[in-house]
Amino acid sequence: MTRTTRITSFIRTLTGRMVLGELLIHSILIPILFFGINIIVKDGYESRFIEQANSKSELLATLVSHDINQQKIANLLNDAVSSNQILAASLVYETGNVIHSQSRTATLIPFKEDQQFAQHDDNAYHVTTTLITSKGTTATLQTSFDEKPIARQIQSTYQVSIVLAFAYILITLILSGLLGQQLTRPIRKLRDDARAIASGNTDKQLNVISSISEVASLTDNLETMKKALIKHNQDLLAREAHLRSVMDNVVDGIIITNTEGMIESLNPAAISLFDYTKGELIEEHINILLDVNALLAIEQHNIITNNAVSATQSKLQETEGYRKNGGIFPLEVAISKMIVNDQTHYIYVTHDITARKNAENELKQLHDELERRVIIRTSELAAANEELEHQALHDSLTDLPNRVLLLDRLNQTMLTSQRNKTKFALFMIDLDRFKEINDTLGHHYGDIILQQVAMRMREALHQSCTVARLGGDEFAILLPAIEGRTEPANIATAITHAIDQPFLLEEQAFHVGASIGIALFPEHGSDTSTLMRHADIAMYVTKNNNGDYTFYDPCHDQHSRDRLALTTELRHAIDNDELRLHYQPKIDFKTGNVAEVEALVRWQHPRFGLMTPDHFIALSEHTGLIRPLTLWVIREALSTCHQWHKMGHILKVAVNLSTHNLHDSQLTKHIQQACNESGVDTGYLVLEITESAVMSDPVSAMKVLGELSAMGINLSIDDFGTGYSSLAYLKQLPMDEIKIDKSFVMDMINDRDDYIIVRSTIDLAHNMGRKVIAEGVESPEIWNALDKMGCDMAQGSYISMPKSSDDFSQWLQNSEWCLKQAN
């Protein structure tokens with residue numbers, strides 16, 4: 001080992017570092033300390049020398065000032081030069097006379113007064129002292145002191161300081177080396193023990209004993225670390241054994257290759273999957289098992305490894321696997337890149353997906369079949385939805401737009417006319433003599449006439465017009481974009497001419513007329529309600545005058561005033577309880593007892609006497625009084641029903657609802673409030689609704705009826721068979737009863753068609769889970785026939801005519817129709 005190598009090795013040791021540190025510290029501190037001390041010593045010598053020189057000069061000046069003899073002064077000066085450090089002295093009078101002493105130097109040194117030591121580099125310190133002689137004259141004593149002795153003392157001090165500094169550094173380095181050896185002895189012992197443990201001697205104990213707390217702590221920490229490393233190594237071995245066990249037992253095949261794709265190891269599942277032996281696959285290329293090149297190209301962008309030992313799993317890819325026997329099967333592969341000890345390996349996790357592929361194929365077939373069925377069902381539902389939407393907006397008999405669609409188109413036309421500053425006309429049409437034909441021939445023939453009337457009106461109008469059926473024999477026509485009255489008049493004439501043509505029914509000709517009222521926008525109104533009201537007034541004027549058509553005129557409001565007066569009186573009657581309820585019982589065929597009672601409203605008019613609903617219900621619907629009128633009837637009927645219950649007659653009471661009531665968003669709330677106020681449970685209230693009322697707006701009706709049924713209220717379809725309801729809707733409605741119209745019941749004994757209709761209706765209702773009530777029972781023969789058909793309840797004059805509240809209470813007590821009392 002060369003000297004340089006030994007020095008480098010020594011410097012790398014702790015002792016070498018300590019010695020080197022000491023040397024570095026002293027090389028900085030000692031010079032600073034040396035120069036500092038020397039400066040202080042030098043300043044001290046010089047200061048003391050200057051003080052002594054000044055003191056001696058002043059003493060000499062004092063001695064000289066008392067002598068007036070120049071020879072004595074010269075002797076004093078010479079004595080001072082010979083006895084002290086004075087080189088020369090001179091006394092200079094203000095008159096210019098000078099007394100010199102002898103000089104101790106060979107050459108005379110020029111006198112230059114000094115302020116500090118060695119100021120003029122002449123080895124002399126010159127001092128000037130002013131004095132006053134005994135004669136009173138002023139003189140100056142010039143004294144020169146020798147600086148060489150002091151300079152030699154300062155130089156000697158410098159030399160001694162340098163020797164001491166080097167001696168101090170040398171001793172310090174020697175002591176540091178010795179101390180370093182002493183301190184590092186236990187550390188070297190720890191080093192040797194650690195090397196022994198690293199070589200595999202894990203039983204080696206770190207038994208280094210040291211009084212230095214840091215070394216002792218290091219020894220304990222190393223011993224703890226040794227135990228932790230031993231524990232960690234044992235854990236690694238156990239984990240490795242566990243992983244090896246997992247790989248041997250995992251169901252997926254695991255193959256490990258090098259970067260060239262050569263197989264290094266694989267688990268039993270992989271051997272079984274590809275039907276090879278382990279010896280046949282080791283050192284073989286992975287391509288004999290699967291096409292990995294394409295997979296690696298795809299996954300190269302997804303694999304990122306930055307750690308010394310890491311594995312990043314790729315996304316699953318599908319490929320083909322190759323068995324030893326040449327069989328090819330679908331394979332799912334995940335490729336991971338792993339770097340261990342700077343060596344790259346690839347891990348292939350393989351899984352046979354033959355079963356899954358077969359299941360996917362079956363699932364695809366099922367999906368295709370399901371998709372086909374969904375497409376078919378969607379088409380059917382779309383068609384059904386279109387049909388339902390059409391039914392909601394069209395009259396079921398004539399297929400004309402109903403009131404809902406008419407109002408929508410009327411609003412749209414009004415907005416367009418307001419924007420474009422154009423006019424349009426609204427026709428209100430009521431058929432003449434239709435009621436007689438309908439009552440005489442029956443509803444079937446009346447329906448045929450209505451259908452033909454609708455067809456004739458369509459043919460008389462162009463496509464931009466809207467023809468709507470509002471209900472019964474009432475129609476409306478919306479005629480957009482007109483110039484004046486000529487076009488509406490011509491169309492009205494064409495319509496009346498078309499309707500005036502005879503209708504052939506069973507080879508008989510029947511004539512039906514039409515009364516038309518016309519209102520123009522914006523001349524006769526700027527909103528829908530006003531236009532419809534004015535067209536309605538004009539239509540009544542036409543009907544009263546037996547004319548064909550009439551344009552609205554403000555003078556027609558006289559007729560409107562009569563209706564307004566009647567409207568005011570009806571409102572007053574509702575508010576002041578001037579209306580009356582009459583009651584007609586419904587008898588249960590099975591028990592022969594009263595089960596329900598229908599409440600029928602009457603108006604005791606001060607001028608016209610007792611008025612039936614036919615005279616004011618339509619008026620209340622047109623004027624908006626139908627809502628308070630219906631609520632009054634419900635409250636009064638429930639109040640009377642409560643009195644019957646208190647008397648022991650546990651009956652249900654039935655009330656009729658109008659089409660307009662079904663459009664009342666507050667109906668259910670008001671009915672619930674009326675039941676709460678009367679103390680009658682909702683289960684004892686029956687609401688009767690006609691087919692026409694339901695089908696005028698089936699969507700809205702279904703919603704309201706659903707809410708009423710949810711409250712526990714019984715619902716009944718009134719006048720069944722006279723309207724044109726859809727069985728598809730009827731079976732969805734929450735109806736409890738179906739009430740057959742009296743027009744079929746009254747003549748069923750003599751009319752076989754009516755008999756068949758009644759029997760079929762009863763069977764249909766029972767099959768739908770509904771009860772059946774027959775109204776218009778006027779004879780025992782009808783009663784007996786209905787009883788045989790299985791009808792549930794009957795109502796009519798054979799049982800009882802409608803009676804006032806008091807008369808009906810008396811009838812309950814005395815009638816032969818016994819009422820089954822509540823227990």
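# Exercises on a predicted model

In this predicted model, α5 (213–249), β6 (263–266) and α6 (268–274) each supply at least two residues to the lining of the second largest pocket.

**Exercise 1.** Describe the second largest pocket by its volume, by the residues closest to its centre and by the element that gives the most to its lining.

Solution. 
- Step 1: the volume. The second largest pocket holds about 400 Å³ of space.
- Step 2: the residues. The lining has 14 residues, and those closest to the centre of the pocket are Glu240, Leu243, Arg244, Met247 and Ile256.
- Step 3: the elements. With seven residues, α5 gives the most to this lining.

**Exercise 2.** Work out which strands β11 is joined to and how many of its residues are buried.

Solution. 
- Step 1: the strand β13. Seven bridges join β11 to β13 (residues 474–482), and the two run antiparallel. Here lysine 423 stands opposite isoleucine 482.
- Step 2: the strand β16. Nine bridges join β11 to β16, again antiparallel. Alanine 425 has leucine 520 in β16 as its bridge partner.
- Step 3: the burial. Nine of the ten residues of β11 are buried, which leaves the strand mostly covered.

**Exercise 3.** Classify the ring pair of tryptophan 644 and phenylalanine 808, and state whether its members are buried or exposed.

Solution. 
- Step 1: the geometry. The pair is tilted, with 5.4 Å from centre to centre and 50° between the planes.
- Step 2: the position. Tryptophan 644 lies in helix α17 (residues 626–647) and phenylalanine 808 in helix α25 (residues 805–814), so the pair ties together parts that are 164 residues apart in sequence.
- Step 3: Tryptophan 644 has 0% relative accessibility and so counts as buried. Phenylalanine 808, at 0% relative accessibility, counts as buried.
- Step 4: the cluster. Ring pairs link Tyr583, Trp644, Phe808 and Trp811 into a cluster.

**Exercise 4.** Give the strand order of the open sheet that contains β1 and β4, and find its edges.

Solution. 
- Step 1: the order. Four strands make up this open sheet, in the order β2-β1-β4-β3, with antiparallel pairing.
- Step 2: the edges. β2 (98–100) and β3 (124–132) each have a single partner strand, so one side of each is left without a neighbour in the sheet.
- Step 3: the angle. On average, and with direction ignored, neighbouring strands of this sheet are turned by 15° against each other.
- Step 4: one pairing. Strand β1 (residues 86–93) is joined to β4 (residues 138–146) by seven bridges, and the two run antiparallel. Serine 90 has glutamine 142 in β4 as its bridge partner.

**Exercise 5.** Find the rings over which the charged ends of arginine 323 and arginine 485 sit.

Solution. 
- Step 1: arginine 323. Its charged end sits over the ring of phenylalanine 329, at 3.8 Å from the ring centre.
- Step 2: arginine 485. Its charged end sits over the ring of phenylalanine 551, at 4.8 Å from the ring centre.

Methods: Residues numbered from 1 in each chain as written. Predicted model: local features only at pLDDT ≥ 70, side-chain atom pairs only at ≥ 80, totals over all residues. Heavy atoms only, no water. Phe/Tyr/Trp six-rings, centres within 6.5 Å; stacked < 30°, edge-to-face > 60°. Buried < 20%, exposed > 50% of the residue type's maximum accessible area, 1.4 Å probe, protein only. Lys NZ or Arg CZ within 6 Å of the ring centre and 35° of its normal. Pairing = 2+ DSSP bridges. Axes fitted to C-alpha atoms, helices over the stretch in contact; angles between N-to-C directions. 1 Å grid on protein atoms, 1.4 Å probe; cavity = no way out; pocket = protein on both sides within 12 Å on 5 of 7 lines; lining within 4 Å. Points joined across faces, edges and corners; volume = space filled by probe spheres on them.
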